[in-house]
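Please prepare a short briefing on the pocket and the helix packing of this model.

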Amino acid sequence: PTYLAVYPILADTFRRTADTQNALRYYYAYALESEKQNNLKHLASAYISLGWFYHLRGNYDKAFEFYEKSLSKTRQSKDKFNEAQALRKMAVWYIDKKDYETAFSLLTKSSEINRIRIDDPQYKYNLACDYFDFGLLFINKNDFVSAREFYEKSRKLFESLNMKQELND
């Protein structure tokens with residue numbers, strides 16, 4: 001069980017330092033160990049991370065495959081936290097594909113999950129990310145007034161969580 005907590009930290013660290021080989025190694029180790037332990041919550045999280053890894057590198061097919069796997073696991077285990085994250089990542093995928101209607105729908109679903117649980121700081125953080133991505137969506141649609149409204153909502157939530165590093169964007 002301890003390894004499950006260490007794998008994503010190592011993988012994220014390697015990803016941020018551009019050591020893609022080790023990042024992938026630890027993301028996959030995280031997924032394999034989660035699967036071996038039948039820990040669907042961690043497995044869903046690993047799939048989201050793998051999807052985002054591939055997404056950031058422009059491998060959209062592989063990214064979407066992992067987002068779908070994650071959604072399947074979250075719904076199987078009734079894991080609303082990771083479900084909301086997977087929906088948001090898929091929404092960004094659709095923004096990149098210029099399918100703004102689908103992206104809007106996915107962000108709406110994610111934000112509904114997070115708003116209901118806003119008293120939990122993790123869900124509040126997710127909601128701030130949802131609002132940020134709504135801003136991104138509206139920027140892409142050249143609706144700058146709506147984008148600003150969502151960026152302001154996001155900023156206020158990040159401030160309330162005292163997450164100054166998230167305010168950089």
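What volume does the largest pocket have? The largest pocket has a volume of about 1,200 Å³. This is a predicted model, where local features need pLDDT of at least 70 and side-chain atom pairs count only at pLDDT 80 or more, while totals for chains, interfaces and linings use all residues. Residues are numbered from 1 along each chain as its sequence is written, and side-chain values use heavy atoms, with hydrogens and water left out.

**Largest pocket**

- The lining consists of 34 residues, and Arg 16, Gln 85, Arg 88, Lys 89 and Tyr 125 lie nearest the pocket centre. (On a 1 Å grid over the protein atoms alone, a pocket is an open set of points where a 1.4 Å probe fits, with protein on both sides within 12 Å along at least five of seven lines; lining residues have an atom within 4 Å of a point. The volume is the space filled by probe spheres set on the points.)
- Two or more lining residues come from each of helix 1 (2–16), helix 2 (20–36), helix 3 (40–56), helix 5 (80–96) and helix 7 (121–140). (Helices are DSSP runs of H or I, at least four residues, numbered from the N terminus.)
- By class, the lining has 17 nonpolar, 8 polar and 9 charged residues. (Ala, Val, Leu, Ile, Met, Phe, Trp, Tyr, Cys and Pro count as nonpolar, Asp, Glu, Lys and Arg as charged, and the others, Gly among them, as polar.)

**Helix 3 with helix 4**

- Helix 3 packs against helix 4 (residues 60–77) at about 165 degrees, with the axes 8 Å apart. (Axes are lines fitted to C-alpha atoms over the stretch in contact, and angles run from 0 to 180 degrees between N-to-C directions.)
- Helix 3 is therefore roughly antiparallel to helix 4. (Angles over 145 degrees count as roughly antiparallel, and those under 35 as roughly parallel.)
- Residues in this contact include Tyr 47 and Trp 52 of helix 3 and Phe 66 and Tyr 67 of helix 4. (Contact means heavy atoms within 4.5 Å.)
- The contact of helix 3 with helix 4 holds 12 nonpolar, 6 polar and 3 charged residues.

**Helix 3 with helix 5**

- The axes of helix 3 and helix 5 come within 10 Å and cross at roughly 15 degrees, so the two helices are roughly parallel.
- Among the contact residues are Lys 41 and Trp 52 of helix 3, and Gln 85 and Lys 89 of helix 5.
- This contact divides into 6 nonpolar, 4 polar and 3 charged residues.

**Helix 7 with helix 8**

- Helix 7 and helix 8 (residues 144–160) have axes that come within 8 Å and cross at roughly 160 degrees, and the pair is therefore roughly antiparallel.
- The contact of helix 7 with helix 8 has 16 nonpolar, 4 polar and 2 charged residues.

How values were computed: Angles under 35 degrees count as roughly parallel, over 145 as roughly antiparallel, 65 to 115 as roughly perpendicular and the rest as oblique.
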